[in-house]
Amino acid sequence: MRDATSGARGSGAPPPRSLQPRAAVPGASPSPARPSGPSRPRRIGRALTPLLWLGPSIALIAVVVLWPVVEMVRTSLQKISSSGVTLGGSGSRNYSDLFDEDAFLAVVGRTLLWVAGVVVVTMLLSLALGQLLNARFPGRRVVRWTVIVPWAASVLMTALIWKWMLDNYSGLVNRVLLDLNVIDQPVNWLAHPHQAMLWMMWVAVFVSLPFTSFVILAGLQTIPEDVYEAARVDGAGAVRAYFGITLPLLRPAILIASIINVINVFNSFPIIWAMTGGGPGHATDTTTTFMYKIAFYDQNVGESAAMAVVNFALILVMVLLYLRASRWREEVR
Amino acid sequence: MKRPVRLRVVLLTAVGWLVALAFILPYLQMFLTSLKPERELTKSPGGYLPTHWKWSNFADVWDAAPIWTNIRVSLTVAAAATLVTLACALPAAYYTARNRFRGRGAFLLLVLVTQMFAPTALVIGIYREMVALNLTDTLLALILVNAAFNLPFCIWILHGYFSSIPRELEEAAFLDGAGRIGALARVTLPISMPGVVTAVVYTFISAWNEYIVALTVTASPDRRPLTVAIPSFVTQYQEHWQYLFATSLIAIVPVVILFVFIERYLIGGLTAGSVK
């Protein structure tokens with residue numbers, strides 16, 4: 001970002017401010033000699049240059065990301081028939097219907113627990129895993145490759161293999177536990193909400209670990225070796241070096257990894273959808289699966305959009321609180 | 001001093017390989033399950049290894065379901081989305097890395113905010129939009145959605161690479177008469193190749209794996225990508241776990257190989273793109 005400043009050339013003696021074209025900054029165009037008063041078409045041309053380069057991105061984001069946001073908020077305020085026809089405004093009706101759902105509070109609470117639990121465990125494990133992947137030992141390459149696998153593989157398919165391994169009747173988990181005499185008859189793990197939730201949280205940790213560990217690993221590699229040299233000379237032990245040097249220097253990496261993880265886990269849909277479908281009833285639903293069921297099972301798009309808006313607000317609040325708590329501006333510029 | 005060092009390496013190696021095993025185990029189980037004949041899948045408790053290794057499952061699966069169609073859909077969507085993303089991200093990342101201009105901060109903020117949106121959170125809005133545009137059940141809808149949601153990551157990673165290339169290099173080419181685009185094509189792009197490859201592979205894989213939007217927007221069987229088609233091997237009417245996992249492996253193995261290919265750049269990319 002440092003060398004992105006483009007004022008190096010031709011800006012030794014900037015023209016008086018009043019003469020500068022509005023949107024142009026010295027050096028934005030590579031013309032070596034700048035006339036003191038650019039003609040009108042040129043001025044417009046220069047103001048539009050950024051649009052030429054950024055236009056496609058802006059258009060894509062506007063059409064595919066911003067439009068749905070607007071559409072979602074609009075839909076949440078409309079009455080929509082089960083066949084998708086808009087029947088007119090409905091004020092806050094969809095929201096009050098949503099808040100009146102028996103499962104609503106439980107679902108939101110469960111979602112917050114789900115996010116907190118998965119992210120905390122993921123971050124703790126990935127701190128260790130990042131350290132391991134950064135250490136020198138024979139076969140480190142291969143270990144790194146295996147850690148990548150759940151990242152590259154489809155989350156849905158990973159969730160499905162866990163569902164199969166947890167199968168009541170012929171799953172691997174029951175087989176191993178039976179052979180080890182931990183249980184004496186097969187357990188139907190995914191039929192009990194609490195057990196199902198814990199297993200699904202584990203799967204969420206499992207698919208989150210590659211990304212977070214690699215961000216931590218990337219962070220570790222930016223710490224120069226001589227900092228540790230200096231600490232050793234000062235007589236700091238391994239533990240003190242870790243808490244005094246490694247962790248503080250890892251802060252930006254931890255921040256990035258955990259924020260992206262929070263967003264991903266919050267929006268995680270395939271794991272729960274594939275493993276329990278949010279059931280029995282709504283007992284393992286989080287906001288995303290709940291939203292999906294309202295839209296496509298109950299055919300109530302308006303209320304589902306309200307759920308989506310609430311879901312989005314929750315993410316926003318959590319990320320903002322988190323950024324604030326971690327004073328992110330000082331850490332990441 | 002020497003002994004503890006050796007012990008340390010032995011310990012690290014042991015832990016490392018255990019971790020590797022833990023990460024690979026579910027996929028190993030996927031592989032073993034895909035090789036079992038159907039009757040072994042209903043045995044309780046399930047066996048560890050297939051008693052009869054039915055390699056023909058991998059041949060039969062092509063007849064059991066139209067997975068070739070699903071693969072073609074997945075490939076088309078992923079490839080097209082990658083092209084669109086790249087076409088949008090390259091100029092944006094380059095321009096913002098090289099120039100300061102009014103609106104630069106706003107643009108980068110827009111990109112950052114977009115990264116916070118996930119298709120899952122917006123799926124209702126996306127669905128309503130596609131209905132309005134008459135794009136439901138089209139591949140174009142999937143291509144656009146995948147391209148847009150991978151755009152932020154690509155811009156960040158390319159922006160990081162472009163910023164790290166000294167502009168003097170480009171200036172030299174420019175003075176040699178290469179022109180701005182020429183300098184970009186001949187100097188900057190080749191040096192940033194790792195970044196470009198990372199962006200391409202990353203976008204391709206996440207489009208390949210996308211689930212919820214495809215589940216919501218597609219309806220006809222011949223427009224379903226692999227992710228949407230796979231669960232239908234196991235429904236309340238039929239349970240073909242062996243085919244489900246054979247198809248899963250067909251979907252997973254190529255992208256894992258691709259991902260391993262960019263592993264070393266990924267670390268650099270994560271440092272340059274997001275941590276910086």
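Visitor: Which residues of chain B does the UniProt annotation "domain: ABC transmembrane type-1" cover?

Guide: That annotation, from an unreviewed entry, covers residues 71-262 of chain B. UniProt positions are given here in the numbering used for this model, feature names are shortened, and annotations may be inferred rather than shown by experiment. This is a predicted model, in which local features need pLDDT of at least 70, side-chain atom pairs count only at pLDDT 80 or more, and totals for chains, interfaces and linings use all residues. Residues are numbered from 1 along each chain as its sequence is written, while chains are lettered from A and ligands numbered from 1 in the order in which they are written.

Visitor: What makes up residues 71-262 of chain B, helix or strand?

Guide: Helix: the span is 81% helix and 0% strand, with its end C-alpha atoms 23 Å apart. Helices (H or I, at least four residues) and strands (E, at least two) are DSSP runs, numbered from the N terminus. Chain B as a whole has twelve helices and zero strands.

Visitor: Why is chain B called more spread out than a compact globule?

Guide: Its radius of gyration is 23 Å, well over the 19 Å that the globule rule gives for 276 residues, so chain B is more spread out than a compact globule. The radius is taken over C-alpha atoms, and the rule is 2.2 Å times the number of residues to the power 0.38. Along the principal axes, the C-alpha atoms of chain B fill a box of roughly 70 × 70 × 30 Å.

Visitor: Which spans of chain B does UniProt list as "transmembrane region"?

Guide: The unreviewed entry lists several, including residues 7-28 and 183-205. Residues 7-28 of chain B are 100% helix and 0% strand, with end C-alpha atoms 30 Å apart. Residues 183-205 of chain B are 96% helix and 0% strand, and their end C-alpha atoms lie 30 Å apart.

Visitor: How many residues of chain B are in contact with chain A?

Guide: Here 85 residues of chain B meet 88 residues of chain A; two residues are in contact if their C-beta atoms, placed from the backbone, lie within 7 Å. α12(B) gives the most to this side of chain B, with 17 residues. By class, the side has 57 nonpolar, 18 polar and ten charged residues. Ala, Val, Leu, Ile, Met, Phe, Trp, Tyr, Cys and Pro count as nonpolar, Asp, Glu, Lys and Arg as charged, and the others, Gly among them, as polar.

Visitor: What share of chain B counts as buried?

Guide: Of its 276 residues, 49% do. A residue is buried if 20 or more other C-beta atoms lie within 10 Å of its own, exposed if 12 or fewer, and partly exposed in between.

Visitor: Which residues touch the most other members of the largest nonpolar core?

Guide: They are B:A89, B:A148 and B:L158, in a core of 165 residues. Such a core is a set of buried Ala, Val, Leu, Ile, Met, Phe, Trp, Tyr and Cys residues joined through C-beta atoms within 7 Å. The largest share, 17 residues, comes from α7(B). Leaving out residues up to four places away in sequence, B:A89 touches partners including A:S57 and B:L158.

Visitor: What are the domains of chain A?

Guide: They are domain 1 (30-76) and domain 2 (95-331), with bounds from an automatic or database domain assignment. Their C-alpha centres lie 37 Å apart. The contact between them takes four residues from domain 1 and six residues from domain 2.
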